[in-house]
Amino acid sequence: MAEFGIRFFLCNILICVATGILLAVKYALRRHLTSRAQFSLWFPLLAVLAVPFLPFLPARLPQMPLWLDQLTSAVSPSLPAAAGKTASGTSAAAEQIYDFALSVSGKTPAAIGLALFWIWLCGVLALLFGSVQSAFRFHALKKSALPLQNNHVRLLYRNCLRELHIKRNLPIYSTAFLKSPIITGLCRPCIYLPIHLLSDLHTNTEASHFHTTDLRYMLLHELQHYKRKDALTGCLIHLAGILYWYNPLLRYARNEMRSDREIACDASVLELLDENEYEAYGHTLLNFAEKISHASFPFSAGISSTKKQMRKRILHISSYQKPSVRQKIKGCAVWSLLAIVLIGLSPMLSAYAAPPQHYHWNTTEQVTLLTVDSSPAVHAHFNKYEGSFVLYDYKNGIWRIYDPDQATLRTSPDSTYKIYDALFGLEEHIITADQSFMAWNQTAYPIEAWNADQDLYSAMRYSVNWYFQEIDRQLGLSAIRRYIRKIGYGNTCIPTNRTSYWMQSALKISPVEQVLLLRDLYDNRFAFSPENIDAVKNSICLFSSKDRRFYGKTGTGRVDGRDVNGWFIGYIEVFDDPYFFATHIQSSSNANGSKAAEITKAVLADLDLWP
């Protein structure tokens with residue numbers, strides 16, 4: 001709930017940007033677009049509003065900066081300057097697996113997120129209650145309504161149906177509980193006419209002609225709503241108003257949508273009329289402005305409007321001209337460009353609002369599931385932890401997976417990401433295989449091993465944050481994003497905060513993806529310098545003997561002083577045959593890289609891969 005509150009709040013910020021873009025386009029091109037085109041511009045926005053509630057991630061488009069990291073990460077250690085010419089020469093053949101991590105804060109965002117969630121939910125429930133009341137009122141109206149008996153009006157109605165080429169005979173009723181005509185119903189649309197309009201049809205010939213004409217215009221208007229499916233549009237606008245009730249810009253936009261809907265419907269009616277009838281149609285709205293009121297049923301469409309909307313409609317009618325082909329083409333072009341821009345925001349909105357994402361993995365290789373029944377020992381190793389173990393037999397193309405659902409769940413990589421961060425630094429010559437020295441800047445860090453000069457091997461062994469943060473500082477945000485996309489690292493989301501984006505932040509990856517990337521690293525499918533690939537491999541080498549070599553990197557996610565996310569990834573070469581693995585565990589506490597490494601060794605021993 002707390003996470004949703006923060007994510008949805010950030011979605012609203014981006015949606016305000018999207019709405020602002022749309023309003024600016026509408027204002028700038030108001031004299032060049034037809035009324036229909038201006039109304040159609042709202043549909044891409046309605047599509048964007050649905051994105052935060054989708055259970056899947058839309059097709060990936062270029063990512064924009066993510067701000068979530070700035071709220072969820074409170075760790076920004078000072079960065080030292082790089083210096084020195086020679087490496088310290090720390091041995092890579094270390095049997096001891098070190099696992100160090102700093103804690104990030106999650107308390108304040110959680111409290112804020114929880115408050116935002118409950119405020120939003122209370123507003124949604126209140127508006128839903130109001131909608132239910134409206135539905136009951138409308139149900140009572142339907143029960144009191146009677147089929148239209150006035151033969152003159154029924155004949156007029158049938159003529160309007162023919163005029164609009166509507167073959168469906170829509171039911172029409174009269175009621176005393178409405179002030180203006182409405183059409184309602186998605187599957188079974190019906191038209192309801194107020195009795196007071198019918199009673200105004202006088203016997204006097206001149207007056208009768210006048211009111212019959214008015215009624216014809218009203219019926220044409222309602223039937224145009226039917227042809228344009230405006231009842232469905234009204235439902236979508238109303239639903240958007242409920243879900244985004246605390247967004248003031250969207251409340252304004254919702255009113256503009258309704259106004260544009262009525263103006264577009266007026267334009268559809270005017271296209272049927274002769275030019276000398278435009279004034280009469282406008283007079284119909286003016287004559288009944290005091291008699292009709294804005295419909296209280298959000299799921300209906302009608303001729304009524306607020307006073308402000310009515311004024312806009314009258315001005316539109318007074319200046320209406322039938323659209324030219326050029327205007328229609330221009331409207332289509334603007335709609336297409338705006339749709340691309342607005343829908344381009346959808347990946348970021350989904351990244352903010354969606355629940356934890358799974359990697360959609362399809363393989364033609366053999367997969368063996370290590371289930372509780374088939375491998376009870378593996379299950380016992382995980383004990384109280386949620387998590388997964390993934391092993392890939394490179395030679396035989398066989399996968400062994402414990403808990404396939406967790407194996408595709410994307411979570412923060414924590415310090416396992418440093419494998420690739422080092423590779424990026426090597427590729428950009430920030431460090432080299434022979435000269436990877438960085439001088440400690442005398443800042444006191446809570447982990448003693450960090451308070452010393454480092455090279456690639458010691459920094460990887462002790463998981464020294466400041467070393468890799470300095471690499472990132474020199475790389476720059478654009479280079480980091482370019483490399484992340486090049487290798488396809490997880491969800492490829494990199495926020496603006498470069499100091500902690502891999503620590504319980506926006507960047508996410510699954511165990512299966514960890515193994516796939518390790519395989520690509522082993523084969524150098526990235527087309528990087530072979531010397532740099534070898535340097536990274538050597539930096540994560542933990543054990544070496546005649547028949548086996550063991551490579552790995554831990555990662556720990558620590559939130560408010562509790563270890564909640566543990567990783568151990570790497571590969572083991574047995575007589576030069578590589579087996580790639582990734583172990584991930586989660587818990588409310590004591591889920592760290594060291595525990596993940598312990599589980600990994602135990603499972604590898606069960607599979608006769610660990611001595």
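**Close-up views of a predicted model**

**View 1. Charged side-chain ends over tyrosine rings.** In this predicted model, the charged end of Arg-30 is placed over the ring of Tyr-27, at 4.0 Å from the ring centre.

**View 2. The surroundings of Ser-463.** Ser-463 is found in the loop that runs between helix H18 (456-461) and helix H19 (465-475), and because its relative accessibility is 1%, under the 20% limit, it counts as buried. Its side chain and that of Lys-418 are joined by a polar contact of 2.8 Å. When residues up to four places away in sequence are not counted, Ser-463 touches Phe-100, Ser-415, Lys-418, Trp-450, Ser-458 and Lys-553.

**View 3. Aromatic pairs that share Tyr-483.** The structure holds 40 aromatic pairs, and one of them is formed by Phe-424 and Tyr-483, which counts as stacked because the ring centres are 4.9 Å apart and the planes meet at 10 degrees. Phe-424 belongs to helix H17 (residues 418-427) and Tyr-483 to helix H20 (residues 477-487), so this pair ties together parts that are 59 residues apart in sequence. Tyr-483 also pairs with Phe-528, here edge-to-face, with 5.9 Å from centre to centre and 80 degrees between the planes. Since Phe-528 lies in the loop between helix H21 (511-523) and helix H22 (530-539), while Tyr-483 lies in helix H20, the second pair ties together parts that are 45 residues apart in sequence. Phe-424 and Tyr-483 are both buried, and Phe-528 is buried as well.

**View 4. An aromatic cluster.** Phe-424, Tyr-483 and Phe-528 belong to one aromatic cluster, whose members also include Tyr-417, Tyr-420, Tyr-489, Tyr-501, Trp-502 and Phe-526.

Methods: Residues numbered from 1 in each chain as written. Predicted model: local features only at pLDDT ≥ 70, side-chain atom pairs only at ≥ 80, totals over all residues. Heavy atoms only, no water. Helix = DSSP H or I, 4+ residues; strand = E, 2+ residues; numbered from the N terminus. Buried < 20%, exposed > 50% of the residue type's maximum accessible area, 1.4 Å probe, protein only. Polar contact = N/O pair within 3.5 Å; in protein donor to acceptor, adjacent residues only side chain to side chain. Contact = heavy atoms within 4.5 Å. Phe/Tyr/Trp six-rings, centres within 6.5 Å; stacked < 30°, edge-to-face > 60°. Lys NZ or Arg CZ within 6 Å of the ring centre and 35° of its normal.
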